[in-house]
Amino acid sequence: MSDDQLLLRDTVHKILSPDKSFSKDETVAHWPSQTWVELENAGMTGVGINELSGGSGGSILDVAIMAFESGRNAALTPLVETAMLAGWLVEMADWSWTGGVETLGIAASATFDALREDTTIVLSGKVLDVPWARFAKRVILVLELNGDTVIAQLLPEVYSIEPGLNVAGEPRDTLILKDVRLDADHWIVSPIFSDDIRRRCAFARAISSAGAMSSILDMTIDFAKDRQQFGRPIAKFQAVQHLLAQLAEEVFASVVSTRMALDAISTGGGDLEAMSAIVRVARAATKVARISHQVHGAIGATEEYSLHHYTKRLWSWRNEFGGEAAWSRAITEHVHEHGGPEHLWSILTDEPGVKSRLNLLIPTVD
Amino acid sequence: MQLEELWLRLTPTFSESAGLRREVRDFLDNELNAGTFVPQCNAWLEGYDPSFSKKLGERGWLGLAWPKRYGGAERSNLDRYVVIEELLATGAPVAAHWIAERQTGPSLLRFGSEEQKSQLLPAIARGECFVAIGMSEPDSGSDLASVRTSARRVEGGWIVSGAKVWTSHASRSHYIVTLCRTGDAGAGRHDGLSQFIIDLTSPGVEVRPITLMNGHAHFAEVVFDSVFVPDNMLLGALGQGWEQVNAELAYERSGPERFLSTFPLLVTLHSEVSSDSVTEFTAIYGALVAELVALRSMSRSIAELLNEGLVPQLEATMVKDLGTNFENSVVDAANWLAPRAILCDPPNDYDTFLTQSVLAAPLFTLRGGTTEILRGIIAKGLIS
């Protein structure tokens, strides 16, 4: 990681970490005005967005650093949505950035209708679970239209909002559109598929989850060393030690798989690595939350103690944009599309088309 | 532990020599076409073929990262990683040289005398010298520090007495690197241990093979009845055996053999899944691939760190625990998706791999440190 990236990490961390006055009531939406202003002033909200579009520039690794830090601090901000998700599509569409909060919604055909009239598209229906939509200056909407993936930009005046929150107090709003007509300046046929966009979103959540897990690990180790029962710290008990070891293993797997996927993406590939990281992290999230609460005992599940700010995020993030099973199936499809399971080793080692030696022994099955 | 620091530290430096992977694959294709070996699960322990090891030696693929003057090729450890993962993924018979190349070689390079290095390393790199490891004893399993095999000082050398057990391929190896007590254990129990390189043809050495439940007899008990070991076969420093053994562990525990033992089963599984189970296969198989990708990332990133001279002991231990669990989960998936009666003489490759895996699996989580010992090591590292 370069010096610039270390500086970026420190900057984001400094802005996000002092704000440990976690929202008291997570059933009420809270706008982090002070934190957001600091992020804006430091240029962080425009990281990953092209300088020509009004952003601060930066690579996927730069935005990933911010996503990791957001998770590590259980930050309540739309930084990931603005910089890593919406900002990415804004740049792809060659639109200019609003300079404010932006977010991304993915329309499901079951609740959404789109049709095209010449260069205008007409949109109606509901888009569920759009993160931070109520605070956004613009929503980047992804939808399917006549077999194409379309990326559209929606300004607040064209939609209404049914507010919703996840258990961590992060807005997950429903967007309601009624015969919204968008001219050609407000939509493009996407150069990539909606599954690719969904993967980017799920991967962003995986990175933040890995960040949250690294804090959970530290908290849990500290707690186990501190908490005394039967006359000694519970960390001295073998049964607890085995939980701590497994907790660390899950965090290690999550940290490394997201990090290595980023490297693969940076060099122009990484689909399989990103999907694998999503699945691996989702699996780890379940285990990390379970073990950390188990070690903490009942105090860890109280509102007063901060563990739940992290574990609630894990529970929500692991299921957004697909979830573990859907991405597992997508990995199998990827393997089929790249030569089939008999070529698994070549697919893993990035040499498509190279025949697995084992295949020589297996009759071909159609 | 500062995992976020690890997140920052990892860099995409894993670079392999162009064409090397291809070269290894071509070699394996030719060997398979010529029928010189049959792929198997757990081949790094049970696929014993000295002639195959010799062929690898001829191609310069053993001791790839060692100095040229000791028969190596002075390539990176990452190139070595490429070679061994290709061999493992194919289920090639690499057991004869495995321990010598993985463990003894690096240990000699680090602690060995010039004489030991010139005598042993070139022969190991040629695939002609095989070495066993004598650590566990009948009364010292996981509690390695309690070893009782002793080495007593005599004129010109040492007299070794005792017994080692669970020593793979002792009956077919040339030497056994033996952990012996040479002095008082001290308060920490880890003092007074030393390693000796003992010629298995020495008078007084008796090797008693142990047949496992799968019929294989790679394990043995090795009894030392007042065996004379010359001075020049002490490995490293007297009394430093514990530290030396621990230094090997990051190599021993983080390699791809810790998660690829059942890979042949995973590769053949898809062709045996009945139409009823295809939907389940799609989800379960994808999850296994995700785990495999993650393990490979972890193992390769440790190889990078080792290559830079770091010793990520805890991380290596985590790979072993996660990796052996993965090996078992491949067996579980096979049993779920394409169950078989686990026959002695299976009719096809899949059934063969399944039988091999089922019978070898109990040892996955024992060898190289039991799961329980590993988790204890990890936890102690975390809370220290």
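Two residues count as being in contact here if their C-beta atoms, placed from the backbone, lie within 7 Å. Keep in mind that this is a predicted model.

With that cut-off, 48 residues of chain B are in contact with 55 residues of chain A. Sorted by class, the side of chain B that touches chain A has 28 nonpolar residues, alongside 10 polar and 10 charged ones.

| Domain of chain B | Residues |
|---|---|
| domain 1 | 15-129 |
| domain 2 | 133-239 |
| domain 3 | 255-383 |

Taken over C-alpha atoms, the centres of domain 2 and domain 3 of chain B sit 30 Å apart.

Now over to chain A, where 4 strands make an open, mixed sheet in the order β1-β4-β5-β8. Its edges are β1 (102-106) and β8 (187-189) of chain A, each pairing on one side only. On average, neighbouring strands of this sheet are turned by 20 degrees against each other, ignoring direction. Inside the sheet, β4 (138-145) and β5 (148-154) of chain A pair antiparallel over 7 bridges; A:Ile140, for instance, has A:Gln153 in β5(A) as its bridge partner.

Helix α4 (79-93) of chain A packs on the sheet and touches β1, β4, β5 and β8 of chain A, its direction making about 80 degrees with that of β1(A). Helix α5 (194-226) of chain A lies across β1, β4 and β5 of chain A, at about 130 degrees to β1(A).

Conventions:
Residues numbered from 1 in each chain as written. Chains lettered and ligands numbered in written order. Predicted model: local features only at pLDDT ≥ 70, side-chain atom pairs only at ≥ 80, totals over all residues. Nonpolar A, V, L, I, M, F, W, Y, C, P; charged D, E, K, R; others polar. Domains from an automatic or database assignment. Pairing = 2+ DSSP bridges. Helix = DSSP H or I, 4+ residues; strand = E, 2+ residues; numbered from the N terminus. Axes fitted to C-alpha atoms, helices over the stretch in contact; angles between N-to-C directions.
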